[in-house]
Amino acid sequence: MSWSEDVSARSAQPAQPARSAHWHSESCAPPPHRVVVADDRTKAATAYQLACEGTALLWRGDFHNARQLLRAMGRRIDRKANPARPDATPAESFHLHRRARGHRARVLGKLLVLLEDDHSLTLRRAPDVRRACTEAYGPPRGGRVVSLTELLGVIGAHQWREKGVEVPALGDGVRVHPHYGVFSPVRGEYVDLVAQAPLPANPRTAFDLGTGTGVLAAVLARRGLSHVVATDISPRALACARENAGRLGLAGRVEVGGPDLYPEGRADLVVCNPPWLPARPTSTVEQGVYDPDGTMLHGFLHGLAAHLNPGGEGWLVLSDLAEHLGLRTREALLTAITTAGLRVTDRLDTSPRHPRARDTTDPLHRVRAAEVTSLWRLIPD
C-alpha cells in the first residue's frame, strides 16, 4: 500500500520560495494540505500543535535533532492520552488502543523529510539511507517527501535485513532475512509448531500459503518435503522468500509464486498461518497481523479439500488472541471448519514467549498473557 502525490512546502522566511516534491506514504496517508519548513529552532510545543492541527513540518535541520523532536512530540501525545478504562471489555480496549495508536501515527507522521533524487538525505549528521530506501522503494525515480517515522522504519527494516532473525527450527545460528514490509518471524512459537507437528504419511509435496519471509516453507523443506510451493499476494514477500530460499540452499526445493492464495494442483500437506486478527490493516506491515473479515482464513479453509492429495492434511496455524479480544469466537472458527467440509484430527498448542506477553504496562496485557497459538490438523470430512 502506498500513496504518491506532489506536495509543496513554504519556508517561514518570506524570502525563501516554495518547493515541491513527490509525496510517498506506505500507509496510504494522504498528502498534507499545508506544509511549513521546520529546523533546529522549532520548539516541540509548536511542532506538536501544528501537527495536531493537520499542518506538516518539512525538516531542514540536524537529523538527530529531528529524532529528538519526534520523541518530544510522542511524549506530549502520551501525556494527553486517555487512560485505559478499567471497566472496558477486551474488545473495547482493543479498539481504543488501535484508535490511540492511529492518532499517534497521524500526529507523528506530520514530521517530514526530503529524500533527494538518489534517495539521499541532505541533513546535518544524517545517515546514508540510500541502500535502505532502494530496498524499500526500489530504484530512485526523483525526490520524494516521506514522514520521518516511515523513514526510521525503512532504516530499521534494513538493519533487520542485514542482521537477520535467528530461527532455531532451521538449525543453530541459521537466520532468515526479512525485507521491508514483510512480517518478520520474531515469534518463534508458530515456527516451532510447524517444525514439530507429526507429518502425514510419506509426504513429498507441500503448499505454504502466505509465506512471508518463506520461513515455514524452509522448515518444511528441511523436514524432507521434496517440493514446497510458497505463495503470497505481496511482491515484496515473494522476493524475500526467494532470497531466503537461495541463502539456505533450498532454491531447488522451494518454488515461490503468487499472487493467488493457492497454486495449481494438489499437495500432501498445505500449511497456512493467516493474519490472526480480523480487522483492517493500516499499513503494509500490519497486513501480516490483520485479516479483514478473516478473508484469508476462510479462503484457506474453503479451498483446502480441493487441493489435498488423498491422505493429505492441512495445518492451520492460528492464535486465539482474536477470541480473547472478542473479535471471533471459538464456535465461529469451528463452524467455519465444518462448513468447509473439514474435520479436526488433532490440535497442538503453545504459549507465547514474546516480550509483549510479559509487559504489564501494555493495555492488552491480560489477553496477551492468556494467548495460545495452535496448529490445527485438518482433513476432508
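Colleague: Which residues touch the most other members of the largest nonpolar core?

Modeller: Phe300 and Leu301 do, in a core of 55 residues. Helix H7 (residues 215-222) gives the largest share of that core, namely seven residues. Please keep in mind that this is a predicted model.

Colleague: What is Phe300 in contact with, leaving aside its neighbours within four places in sequence?

Modeller: The partners are Leu209, Leu261, Tyr262, Val270, Cys272, Trp315, Leu316 and Leu378. Contact here stands for heavy atoms within 4.5 Å. There is also a second, separate core of 35 residues, with Ala51, Leu69, Val107 and Tyr180 among them.

Colleague: Which residues of helix H9 (residues 295-304) are buried?

Modeller: Met296, Leu297, Phe300, Leu301, Gly303 and Leu304 are buried. An α-helix has 3.6 residues a turn, so residues three or four places apart point the same way. The buried residues of H9 pack against strands S9 (205-209), S12 (267-272) and S13 (308-319), against helix H11 (330-339), and against S14 and S15.

Colleague: Why is Pro235 called exposed rather than buried?

Modeller: Exposed means a relative accessible area over 50%. Pro235 has 66%, so Pro235 is exposed. This residue lies in helix H8 (residues 235-247).

Colleague: What makes strand S5 (residues 111-115) count as mostly covered?

Modeller: Five of its five residues are buried. In a regular strand the side chains alternate between the two faces of the sheet. For S5, Leu111, Val113 and Leu115 are buried on one side, and Leu112 and Leu114 are buried on the other.

Colleague: How do you know that S5 pairs with strand S4 (residues 55-59)?

Modeller: Pairing calls for at least two bridges between the strands. S4 and S5 have two bridges, in the parallel sense, so they count as a pair. Within that pairing, Leu58 has Leu112 of S5 as its bridge partner.

Colleague: How many bridges join S5 to strand S6 (residues 144-147)?

Modeller: Four bridges join them, and these strands run antiparallel. Leu115 has Arg144 in S6 as its bridge partner.

Colleague: Why is the link between Arg41 and Asp39 called a salt bridge?

Modeller: The rule asks for a side-chain nitrogen of Lys or Arg within 4 Å of a carboxyl oxygen of Asp or Glu. The closest N and O atoms of Arg41 and Asp39 are 2.6 Å apart, so the pair meets the rule. By this rule the count comes to 18 salt bridges.

Colleague: Are Arg41 and Asp39 buried or exposed?

Modeller: Arg41 counts as exposed at 61% relative accessibility. Asp39 has a relative accessible area of 19%, and buried means under 20%, so Asp39 is buried.

Colleague: What makes Arg131 and Glu162 a salt bridge?

Modeller: Their N to O value is 3.1 Å, and the limit is 4 Å, so the name applies. Arg131 lies in helix H4 (residues 130-137) and Glu162 in helix H5 (residues 148-163), so the pair ties together parts 31 residues apart in sequence. At 52%, Arg131 counts as exposed, while Glu162, at 43%, counts as partly exposed. Arg131, Glu135 and Glu162 are linked in a network of salt bridges.

Colleague: Why does the link between Arg343 and Asp381 count as a salt bridge?

Modeller: The value from N to O is 3.8 Å, which is within 4 Å, so this pair qualifies. The two residues are 38 residues apart, with Arg343 in strand S14 (residues 342-350) and Asp381 in the segment after strand S15 (373-380). Arg343 counts as partly exposed at 41%, and Asp381 counts as exposed at 68%.

Colleague: Which residues line the second largest cavity?

Modeller: The lining is made of Leu318, Ser319, Asp320, Glu323, Arg330, Leu333, Val372, Ser374 and Trp376. S13, H11 and S15 each supply at least two residues of this lining.

Notes
Residues are numbered from 1 along each chain as its sequence is written. This is a predicted model: local features need pLDDT of at least 70, side-chain atom pairs count only at pLDDT 80 or more; totals for chains, interfaces and linings use all residues. Side-chain values use heavy atoms; hydrogens and water are left out. A nonpolar core is a set of buried Ala, Val, Leu, Ile, Met, Phe, Trp, Tyr and Cys residues joined through side-chain atoms within 4.5 Å. Buried means under 20% relative accessible area, exposed over 50%, partly exposed in between (1.4 Å probe, protein chains only). On a 1 Å grid over the protein atoms alone, a cavity is a set of points where a 1.4 Å probe fits but cannot get out, and a pocket is an open set with protein on both sides within 12 Å along at least five of seven lines; lining residues have an atom within 4 Å of a point.
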